[in-house]
Each structure stands twice: as C-alpha cells, then as structure tokens.
Amino acid sequence: MLSFNLLLAVSIGYASFLFLVAFATERRALRGQANWLRSPTVYTLSLSIYCTGWTFFGAVGYAARSGLEYLTIYLGPTIVMIGWWSLLRKLVRIGKTQRITSIADLLSSRYGKSAFIGGLVTVLVVVGTTPYIALQLQSVTLSFQVFAPASDDGISTGFWVAAGLALFTVIFGTRNLDVDERHHGVVIAIAVEAVVKLIALLAVGIFVVWGVAGGPAEALRIIDASPIAAWNMAPDRWVTLTFLAGAAFICLPRMFHVLVVENTDERHLGVASWAFPVYLLLISLFVVPIAAVGLSAMPGQNPDLFVITVPLQYGREGLAMLSFLGGFSAATSMVVVASIALSTMVSNHLVMPLWLRFAEGGATVSGDVRNVVLVSRRISIAGVLALGYLYYRSSGGGEALAAMGLIAFAGVAQLLPALIGGIFWRGATRVGAGSGIALGFTVWLYTLFLPSFGADALLSAATLRDGPWGIAALRPQALFGVTGLDPLVHAVFWSLTANLAAFFLGSLLSFPNPLERLQGATFVNIYRYSGGVRGWGHSIAEAEDLLVMAQRIIGPGEAQALFVAAAASQGKRGYLPDVTPDFLERLERKLSGSVGAATAHAMIGQITGGVTVSVEDLMRVADETAQMMEQQSALETKSRELERTARQLREANEKLTQLSVQKDAFLSQISHELRTPMTSIRSFSEILRDGAGFSAADRKRYSTIIHDETLRLTRLLDDLLDLSVLENGHGTLNIGPARLRGVLDRALATMERQDGPGALRILRRLGDEDIALMTDSDRLAQVFINILSNAQKYCTAPQPTLRIAVTRYERRVEVDFIDNGAGIPSEHQSLIFEKFARLSDTRAAGGAGLGLAICREIMLRLGGDIAYLPGQGGAAFRVTLPLAGAEAPRATATIS
Amino acid sequence: MRGPRSEPLFLARDTYRRRRIMDAARFLPVAAMFLFTVPVLWARTTGTAAGLLYLFGAWFLLILAAGAIARALPYLPGTDPDDAPAPPPGDGGTG
C-alpha cells in the first residue's frame, strides 16, 4: 500500500510543477514569446476543464449506477461544439469586439450595460457554483482517503487543498489586471492538467480492458454480465440531461471563461469543434468497462472511486497514483478557472458598483482603482473557495457526487434563454431577461436546490411532502400536482418554462431604453457592425478627468498611451484628446475589459455627468446621417457644375491660344508682305540715286518697278484696312435696291479683258439673273470681281471658261462661279478663305492673299455667305445672297 | 441617396459551394441531436454493450464530419461570408 506521506509528497511535487509551469509561461508571455501558447491545441485542451473531478471519478460511479446515462454529460457539449458555426462563433465574436469579461458581463452589456442584470447573474452563478466547488474538494479528499483511510477525516485535507488552490489562483489569476482578462500561466497549467487527466483515465481504461478483462470483446462480455447489462434508459432524463449538459457547457462561468474570454482567435473554434469532441470521446470511452469490471471485482465498494481502487485491487500502485493525479488535476483546474471567473464577476458586478455608489466621490476620487479591483478579486477568490469548503464541511460529503453537479447545471441553465435570446433576438429586453432569470432561479432554488439538502435540512420534511402550509399544488417536487416525474426533470421543466415565459412576456410587454436598443442591435448584428455603434452622446466631460480615472483602472502607462493615440488620431498633440462620443466609446470598451461593461459605463457616466445616449441622440444620429447624405449629393451636383464650367473655361482658353497663334502668324505674314516690296523699292531707288549713266530705258524700267511695288504696297494696305474695317464691324454699308444682273455686268466690265485664244470665256444665262436685291451693290461687285479675277489668274485650262449659274430660292439666291480649270485640292479647300492663304506663288498672283478673306467678311456682313463648291469639275465658288425683303442684311443692325 | 445593398441573385460556383458548406455546418448539430436521441426509441430492448457501440460509432462519425467541415470552411476573418444577408430562397447558383 502506498504511504500517505508518499502520496502527499507526490501531490505537493505535482502542484509545485504546475506552479513552475505557470510561472515560466507568465515570464515568457511577458517577454512577448506567447505565440505558441495560443495554439488551437492549447485552446482545445483548456476547454477540458469541463471534465472536472466529478467527471473523472464520478462518471464511473454514475455508469455503475445508471448505465449509459453518464454519456449525456458528454453528448450535450459535443452537439454544441460541432454546432460552433451558429452559436459559439457569434459568442466569441461578441466577446472580442465588446471586450466581455464574463457571462455576467455579456448579459449585463447586452441588456443596456445593466448593473442589475450583472449582479443578478453573479449571485446566481455563485450560488450554483459553490456546491460544485465543494464537490471538487470532496473528490480530492475522497481520493486521498483511499490511500489513507484512517489517518484523516477529510476535513483538514479539504482545507489544505482549498488553501493551496486559493494561493495558486490568487498568484496566477490576479497577477495583474489584464485588459483582456487573459491568463497565460493559468491556461497552460490547465492544458497540462488536461493531458494528465486524459492519460490517467486512458491508462486505467487500457489496463482494465486489456489487462483485466482480456480484450475488448471480453470487456463487452463482462458488461453484458454485469448489473448494468440492460440499458434502462429513462427517455425524459436522457433528453433533459443532454440538453442540460449542452446548456451548461455554454453557461457555466468557467466554461464561458475559457470558451469566450480566453479565446484569442476565432479560427481556434474550428479546430476545437472536432478536437474537443475527440477529447470527450476518449475521456468517456473506458468508463463503462471500468464500472463493469469494478462492479464485478469489488461489489459493495464506492463506485465513485473505482478509477483508483480497481488498479489498487490488482496491485498496480503506480497506475493508481497516476489516476489519483488525474483526478487531482481535474478537480484543481476546474476550481482555479471557476474561482477566477467568479471573482471577476464578483468584483466587477457586485463590489465595483457598490464601491462606486458608496465611496466618497465615486469615480472622481483620487487613488488607484486597480487596487480596489485586484483586492476585491483576491478576496473573492478566497471567499469563493471558503464558501466551497464550508459547503463541503456542512454537507458532510454526500455519497453521490453526480447529483450536485447536475443541480449546478440546472442552475446555470437558467441563463440560457437570456443568452440565446440576447444574441439572436433584438426584441429581448432587460425586463424580460431579468424577470426570466429571477423567476427561473427561484423555481430552481425551490424545486431542486433546497430539496437536495434532504428533508429537514433547509426545507422541512412536511413542506417537501405536503407543500408549504399544506398547499399540495406547491409541493417542491410536484408543482401543480405533476407527480411521478424525476425530480431533476421536474425542476428543469418548471424552472425553464417559467424562465422562458417570463423572458418572452417581459420582453414583449416592456420598452427597452436607448442603450439597450443600441446594444441589442450591436449584439444581434455583430458580424455586420463589428466596428461598434456609438453609445455616447455629446458630453461636456473633461479629458483630464477621464485620464485621471483611466490611469487608476488600467494603469498610468497604458492610459497615457491610449490618450496620446486618441489625441494623435484627432490631429492634436499632447495627452488630452477632445472628448468625442467616439473617444468615449473606445475608452469605455478598454475599461470594460478590466472592470466589466456596466462598471465602466457607470464610471464614465459619473464623470461625463451621466450624459449617455438617448432616443433623441439615436434619432439625431440618424438625422445627421440623412443630412450628411443630402449635403453630399448637393456637393456632387456642385462639383459636376464646376467641372462643366472648368471644361468651358478650358475650351475658351484653347480658342484664345489659337487666336493668339493666328495673330502672331498674321503679324509675321504682314511684315513679310510689306518687306518684300519695300526691299525692291529700296534697292531700285538706291540704284537710281547712286548710279549714273543709265539709259533712259533702264531708268524707266527701274522707275516702273518702283511704281509697281508701291502700288502693290498700297493695294496691300488698302486690303488690310478694308479687312480690318470689315472684321471690326466698322464702316458703312450702302444698302439699297440693286439688280443682280447689273452688279454682275459692272463686275465683268471692270475686269481687265484679255483677248486672244487664252482669254477667259464667260457663260451666263441672263434670264436667271434678273433678280431684285437689297444690298450694297459696290461691295457685292467687289466680291464678284475678286472671284472673276481669281478665275482669270488661276484657271489653267487651254480654253478657260467660267460659267455663272444663278439659282433662285424662296429666301435666297445662289450665284455659282464655276470654271473648267484644275480646281482646288480638297486639303486646301478649307484654307482658301484664311488671310494670306495663297496656294501658288505670290508674285504670279500679284495679290496679298487677302482677297477671299475680304470676300467672306463682306458676304457675312451682307447676310449671305461664300463657300467653295467641290465636285464641279473645276474651281467653283458659291455666293449666297438673301433676297430682298426676306432677311435684312445683318450688317444693318451693327452699323451705327 | 443610395438604395439598399443589392445582392446577386445567383452566385459563382465557389461562393455557392462555400454557402453550402456553411449550411452543412449549421445542420450538423441537428444531425447530432437526431443521432443521440434516436436510442430513445429502442433503448429498452437493447443491452448496454450494444448501446455503447452505437453511441460511440455515431459520435465518431459526427467528429469526422465536423473535422471535414471545419477544414473545408474557408474561414477568413474580415471577409466573413456570413456578414451578408442570407441568400434568397431557392437560389440555384450557376454551378
């Protein structure tokens, strides 16, 4: 037999090892080497605190009493885990974005950061979890007693275990006030313990199946021959227990803590969704064989301890020791995490609200709030463990471990309606959640918790039997006369029915306050609004006060960093940002990671003068959005207009640039045109002046050249003057009645007629030309002369012919001048009306190239037009004239 | 002012497949509840050993399915396909 002292040494050694592991991990995490600590494997293993000492020892006992029913405890969480995509993922996302610190914090935050809901939930889970902790102490004590039956009454063992656990939890669970409530050392320690308990149970199972029974087939035969051979399933208990286990898996404070609060990466859930069911399957795989072998080998012994006593029976002391350590691990890891979760809740939802209310000046008082929080957490941990120990002591250590666990399950399951309703139903309200939880909790207390102490302990035997004051309808285990139900099923049925009804009706009938509505929308649509919705209106808080407060909660360094960053993002320097709703929201979320949503909200509320969001604020935000959208659309219109104007300006600019280029070209052309004749005039006059002995013929020739060039200059200047007058709209038009035929006659008459074979032949149809016009006949004749002389100069045909065709329309007359020459190439047709546009050699033409430009100006002034007419077999010009009375010449209007 | 976000009526083959895997992930717990509740119908006539084999068999299959789904779910934070409203009923996809 193992000595008690050896056992004690081994347990103390193991506990020291866990301390070391946790300590080393914290050190590494501090140095920023925590990445490997946050793997999906560690996450999955940390979930195994679901399997407590109750599971480790109790499952075998449970199987020995009720057969396969123990499996429901594992099947429920399996269903929840493999359904992670729908529920757990959402919970984890909410937990991360809202910086949730516990299940009480989640519910309080969801229902309008209500301190009432947080406090209620905290009380409920403390009441529900204390017996559960007592259960762990009992399981460790019982397993000690197996090795040293006579040496100890269990009470002092229980005390030392509780004290040791309190020490460990205080050291590693409240080491610092984490803003994200993550405890690396604790998580690694429970991961190690998870491995130890799995290996221990598997080792015992393998030993029993292969070492004792002689193989799986033999083990099944032993099961069939044992007292639990028949599967005496109670369908109501089967379904209820599966449901309860699934609900507890989410709602138990410690499970919520490792599932949601300690989660670092949503993707870990995906791995855990199959890996944790594997863990559960392995943990429960050998339970029935161990129970069956234990029942056959050691009838009459406590089946809860078969895991240790069966190896001892077969002389395997080492295995028994391993098994003991497995149970020790299971119990201690559960107690550690549970007390951390509970102490967080107690300090955030009971102590802090009370402190805020009763401390002088509340949140504005100086001093370090962090100490208040930390001390309250440490005291809470000690208090929770002390409660558990006292409970264990007073209950005296009942025989059936499993019963207490299920009662705790049923208690925390009361949170399920408010939790599920809160994250999927926007209509759930604080009143509904509060009344549901309170009513369900009360019914649970009355029908399950109080009766569980036995007759005459807390409820008198008479009350249990006949109901209070003899009212049979209120008998705790047969409410409203429903008898014959299993007490657990009965309690779960009535408590959850009342809970759901109150939750639903309360939500339907009450009206949520604005913050509740805001939080409801945020939680339900967490995937869409992960950025968060503003919860603060415009306030008059002083940034300095807020900084003072934040320093006291999250520490000076972190608080200053937060404020500097916020100021920088607002474009300010220094430590004090503007107190915008955005900033308040961020600050509150940061603080809520330390002290919970309700407390953080209340503290900021005290400083900002309680200016929180109101319906009007919500509406105003919506209005602001609408206004902003309107302004935006107005801006868009304006910018489109500006764009249009800019385009117009750009076009005008281009035109001006072109004009300037044209002007420059015109000036250089002019100077060129003027200089050529001047050059020859100057040289010939110099010859005449300086030279002597010229013949008369020579002198005459030179003088003629000078004269001709002077004439050319004069003509050029005349033309320029003419053009300038016409273009500027100056000068007068002598509008009067005229006949087209007369004008043409005059033009032809002024032409220098050449005779001979090369002379231009004119073809006219005089009958068409008898048209009355209202025009300036001199100017018109000038146009005609220009066209005629062009034909004379440029028509290169051997027998040049010019046809003049007159066509009369209703409102206008078209006069076409068509010769039989080479015509004008199409690429030049657009140029011929430009100034100085000459297609051939200047000197041959004898003009300056202004003729057609002048013609066009004249025709425009006369209200007509002149255009080149392509495709006529030669050069062709069409002069369009308005008919008399049809349209007054445009020029009349502009001539003053 | 912009109207409500418009959702495509039909999805590309990849997106369609992803949605169906998500459906499978949502359906799996229902299948688990079914498999774990079915023994209620015949447990009274069955021995513990047979029940043990059935339950662990079903359990194992569910774990395999959960593992396959978790592996197949292209889980990218930020581009969460669940962020979008559910696809319109009867969406046939183009695949």
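## Charge pairs and a buried helix in a predicted model

On the surface, A:Arg640, A:Arg644, A:Arg647 and A:Arg650 gather in a patch of positive charge. A patch is made of residues with over 30% relative accessible area and no salt bridge, with like charges joined within 9 Å and nonpolar side chains (Val, Leu, Ile, Met, Phe, Trp, Tyr) within 5 Å. Lys and Arg count as positive, Asp and Glu as negative, and His and the chain ends are not counted. A:Arg650 belongs to helix α28 (residues 615–690) of chain A and is partly exposed, at 49% relative accessibility.

This is a predicted model, in which local features need pLDDT of at least 70 and side-chain atom pairs count only at pLDDT 80 or more, while totals for chains, interfaces and linings use all residues. Residues are numbered from 1 along each chain as its sequence is written, chains are lettered from A and ligands numbered from 1 in the order in which they are written, and side-chain values use heavy atoms, without hydrogens and water.

Chain A has 35 helices and seven strands; helices (H or I, at least four residues) and strands (E, at least two) are DSSP runs, numbered from the N terminus. Of its 896 residues, 54% are buried. Buried means under 20% relative accessible area, exposed over 50%, and partly exposed in between (1.4 Å probe, protein chains only).

Helix α2 (residues 40–47) of chain A is largely enclosed by the rest of the structure, because six of its eight residues are buried. Among them are A:Val42, A:Tyr43 and A:Leu47. The buried residues of α2(A) pack against α4 (72–82), α9 (184–213), α12 (253–261) and α13 (266–285) of chain A.

Side chains of opposite charge can pair when their charged atoms come close. The structure holds 20 salt bridges over all chains, each a side-chain nitrogen of Lys or Arg within 4 Å of a carboxyl oxygen of Asp or Glu. Three of these pairs are listed here.

| Salt bridge | N to O distance |
|---|---|
| A:Arg237 and A:Glu69 | 3.0 Å |
| A:Asp690 and A:Arg689 | 2.8 Å |
| B:Arg20 and B:Asp23 | 2.8 Å |

A:Arg237 and A:Glu69 meet in a salt bridge. A:Arg237 lies in helix α11 (residues 235–251) and A:Glu69 in the loop between α3 (53–66) and α4 of chain A, so the pair ties together parts 168 residues apart in sequence. A:Arg237 is buried at 17%, and A:Glu69 is buried at 9% relative accessibility. By contrast, A:Asp690 is exposed at 56% and A:Arg689 is exposed at 61%.

Terms used. Areas by Shrake-Rupley, 256 points an atom, 1.4 Å probe, with all protein chains shown as cover. Charge placed at Lys NZ, Arg CZ, Asp CG, Glu CD. Contact = heavy atoms within 4.5 Å.
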